[in-house]
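This briefing covers the fold, the strand pairing, the backbone and the surface of one protein. The points are grouped by topic.

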Amino acid sequence: MLSLAVYYIVAKMIKDGFNHGKSVITEKPDEIGERIIKELNMSITYLYGEGGFLSKKKKIIYC
């Protein structure tokens, strides 16, 4: 019975994935990042990327 439970949990994790984060690309990443931290009490990570079309540098908020 325990094996079936473990099999179900592992299958569910593989199907749904471990990562349920959200990312935001905005012109005001610092302001929005501070509000997410203060108002929603969530941790965030800043990622740095580059646009594929215009090659413009972007700061991405991931939470």
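Accessible areas here come from the Shrake-Rupley method with a 1.4 Å probe. On that basis, the accessible surface of the protein is about 5700 Å², and carbon and sulfur atoms account for 62% of that area. The model is predicted. It holds 2 helices and 3 strands, arranged from the N terminus in the order α-β-α-β-β.

**Overall composition**

- The protein has 63 residues, and 10% of them count as buried, where buried means under 20% relative accessible area.
- Taking contacts between residues at least 6 apart in sequence, 43% join residues that are at least 24 apart.

**The sheet**

- The 3 strands make an open sheet in the order S1-S3-S2, and the pairing is antiparallel.
- Strand S1 (23–25) and strand S2 (45–50) are the edge strands; each has a single partner strand, so one side of each has no neighbour in the sheet.
- On average, and with direction ignored, neighbouring strands of this sheet are turned by 30 degrees against each other.
- Helix H2 (residues 29–40) packs on the sheet and touches both S2 and S3. The direction of H2 makes about 5 degrees with that of S3.

**Strand pairing**

- Strand S3 (residues 57–62) pairs with S2 in the antiparallel sense, over 6 bridges.
- Two residues of this pairing can be followed one by one: Gly-49 has Lys-58 in S3 as its bridge partner, and Glu-50 has Lys-57 in S3.
- S1 and S3 also run antiparallel and are joined by 3 bridges.
- Opposite Ile-61 in S3 stands Val-24.
- S2 and S3 form a hairpin, with 6 residues between the two strands.

**Positive phi angles**

- Most residues other than glycine have a negative phi. The next two residues depart from that pattern.
- Asn-41, which is not a glycine, has a positive phi near 55 degrees. Asn-41 is located in the loop between H2 and S2.
- How exposed is Asn-41, in relative accessible area? The value is 70%, and Asn-41 is therefore classed as exposed, the cut-off for that class being over 50%.
- Ser-55 is not a glycine either, and its phi is positive at about 60 degrees. Ser-55 belongs to the loop between S2 and S3, in the turn of the hairpin that these two strands form.
- With 43% relative accessibility, Ser-55 counts as partly exposed, because that class covers values between the buried limit of 20% and the exposed limit of 50%.

**Aromatic rings and charges**

- How many aromatic pairs does a search of the whole structure find? The search returns 0.
- Lys-59 lies over the face of Tyr-46, at 4.2 Å from the ring centre. The cut-off for a charge over a ring is within 6 Å of the ring centre, together with a limit of within 35 degrees of the ring normal.

Note on methods: Residues are numbered from 1 along each chain as its sequence is written. This is a predicted model: local features need pLDDT of at least 70, side-chain atom pairs count only at pLDDT 80 or more; totals for chains, interfaces and linings use all residues. Side-chain values use heavy atoms; hydrogens and water are left out. Rings of Phe, Tyr and Trp (its six-membered ring) pair if their centres lie within 6.5 Å; planes under 30 degrees apart count as stacked, over 60 as edge-to-face and the rest as tilted. Two strands pair if DSSP finds at least two bridges between them. Helices (H or I, at least four residues) and strands (E, at least two) are DSSP runs, numbered from the N terminus. Axes are lines fitted to C-alpha atoms, for helices over the stretch in contact, and angles run from 0 to 180 degrees between N-to-C directions. Contact means heavy atoms within 4.5 Å. Buried means under 20% relative accessible area, exposed over 50%, partly exposed in between (1.4 Å probe, protein chains only).
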